[in-house]
Amino acid sequence: MSIYVKNGVLHVSGSQDKLRAKGEEKPSFISDYTMLDIETTGLNPYRDHVTELGAVKVRNNEIVAEFSKLVVYPRSNKVPAFITKLNGITTELLLSEGVPVKEAMTEFREFIGDDIIIGYNVNFDLNFLYDLTEKFHLPALNNDYVDVLRLARAYYPFQHNRLLDCIQRAGIAEEEQHHGLADSIDTKKVYDDFRDHFTDELLAEAQGKIKNVDLLEAELEAWELGFRNPISNKLITFADGIGMDNDEAALMVNNMGGQAQTIVTPETNYLIIDDDHFFSKNNEAWQKAQEYNKNGSKIKRLSESYFLNMLDEWARS
């Protein structure tokens, strides 16, 4: 049994099937790829949905094809007001111009093909897209990828590194358009600018930030944990029946700066429940947590899949 991060990917004995089987991040400069960007109704792929798919296909550093489609769903297509303010996409626009999600995603998956995927903070996009390929039984989206944000952090250390920041610094544009195709094109321009100015040392620095760590060996140092550790200072209880070995899961939590508990208490932050029993009304641990919550506690119930994918996001950050 083991729990470790290799080349930025979380590996968990007994529960690997609960993780999105995405590809590996490969910080590099390549000439043939698909650059993509999506728009969504929010940040959570378990709750929010894609509203726009955008991409450009690049060969020998030149754009040879473009993809842009709004997406409509069989049921709710409500777009939050703050999203409309950001990108102009409205519910009415989706209903009038959107392509049914299964059709749009099938075409998008075909457009990507076997290419290396590039994007800005691209793990965000990949989570939504991976889940849609799974939902519609399309070829798994396990393509390796390049995250331009990783390159930006090496090139502009100790600075804010939104896409907007990069396009302004490079003189590409004054505003980010927040549309899939337009942002894909702008991100390509940023990527090309980095290609022209990166040194071998900067590229090696970016590549060296990919995590490789045994999560059961010892407590991690602050530099190993980084700034996006989702369980730092969290009190976490694992219910019986999870796929992970409970003792190893507890050791991992403690090594990552959290605190594993053997039982639920009023101070518990997360209760991790196996996927098959997540909605069971007879789960004793969750019943106890609900009692505490009625008296002011704020215990969150997480499925094992949700918890592990949250950790995988940290591993890939």
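Which residues is T51 in contact with, leaving aside its neighbours within four places in sequence? In this predicted model, T51 is in contact with E39, T40, T41, K69, L70, V71, I89 and L94. The place of T51 is in strand β4, and the residue is buried, with a relative accessible area of 0%. The report starts from the sheet that holds this strand and then turns to the other parts of the model.

## The sheet of six strands

Strand β4 belongs to an open sheet of 6 strands, whose order is β6-β5-β4-β3-β7-β8 and whose pairing is mixed. At its edges stand β6 (99-100) and β8 (145-147), each of which pairs on one side only. Helix α5 (residues 148-155) packs on this sheet, where it touches β7 (117-119) and β8. The direction of α5 makes about 40° with that of β8.

Within the sheet, β4 (residues 50-59) and β5 run antiparallel and are joined by 8 bridges. One of the residue pairs is R59 with its bridge partner E62 in β5. The two strands form a hairpin with 2 residues between them. In the turn of this hairpin, N60 has a positive phi of about 55°.

On its other listed pairing, strand β5 (residues 62-72) meets β6 in the parallel sense over 2 bridges. Here V71 has V99 in β6 as its bridge partner, while V72 stands opposite P100 in β6. V71 is also one of the residues in contact with T51.

## The sheet of three strands

A further open sheet has 3 strands in the order β2-β1-β9, with antiparallel pairing. Strands β2 (9-12) and β9 (213-214) each have a single partner strand, so one side of each is left without a neighbour in the sheet. Helix α12 (residues 304-316) packs on this sheet and touches β1, β2 and β9. Its direction makes about 140° with that of β2.

Strand β1 (residues 3-6) pairs with β2 in the antiparallel sense over 4 bridges. In this pairing, Y4 stands opposite H11 in β2.

| Strand pair | Sense | Bridges |
|---|---|---|
| β1 and β2 | antiparallel | 4 bridges |
| β4 and β5 | antiparallel | 8 bridges |
| β5 and β6 | parallel | 2 bridges |

In soluble globular proteins, nonpolar side chains tend to be buried together. The largest nonpolar core of this model has 28 residues, and those with the most contacts inside it are L10, L215 and F307. At least two residues of this core come from each of β1, β2, β10 (235-238), α10 (246-255), β12 (270-273) and α12. Helix α12 gives the most, with 6 residues.

What does L215 touch, not counting residues up to four places away in sequence? The residues touched by L215 are I3, Y4, V5, L10, L220, L251, M252, N255, M256 and W314. A second, separate core has 26 residues, among them A55, M105, L126 and Y130.

## A buried proline in a loop

P230 lies in the loop between α9 and β10. Is P230 buried or exposed? The relative accessible area of P230 is 17%, and the residue counts as buried because the cut-off is under 20%. Leaving aside its neighbours within four places in sequence, P230 is in contact with Y270, M310, L311 and W314. W314 is also touched by L215. From P230 to G296 the separation is 66 residues in sequence and 23 Å in space, C-alpha to C-alpha.

## Pocket and cavity

Rolling a probe the size of a water molecule over the atoms shows where empty space is left. The largest pocket has a volume of about 890 Å³. Its lining is made of 25 residues, of which R150, R153, K209, G226 and F227 lie nearest its centre. The elements that give two or more residues to this lining are α5, α8 (200-208) and α9 (222-225).

The largest cavity has a volume of about 30 Å³. K22, G23, I117, L126, L141, N143 and Y145 line this cavity.

Methods. Residues are numbered from 1 along each chain as its sequence is written. This is a predicted model: local features need pLDDT of at least 70, side-chain atom pairs count only at pLDDT 80 or more; totals for chains, interfaces and linings use all residues. Side-chain values use heavy atoms; hydrogens and water are left out. Two strands pair if DSSP finds at least two bridges between them. Contact means heavy atoms within 4.5 Å. Axes are lines fitted to C-alpha atoms, for helices over the stretch in contact, and angles run from 0 to 180 degrees between N-to-C directions. A nonpolar core is a set of buried Ala, Val, Leu, Ile, Met, Phe, Trp, Tyr and Cys residues joined through side-chain atoms within 4.5 Å. Buried means under 20% relative accessible area, exposed over 50%, partly exposed in between (1.4 Å probe, protein chains only). On a 1 Å grid over the protein atoms alone, a cavity is a set of points where a 1.4 Å probe fits but cannot get out, and a pocket is an open set with protein on both sides within 12 Å along at least five of seven lines; lining residues have an atom within 4 Å of a point. Grid points are joined across faces, edges and corners, and a volume is the space filled by probe spheres set on the points.
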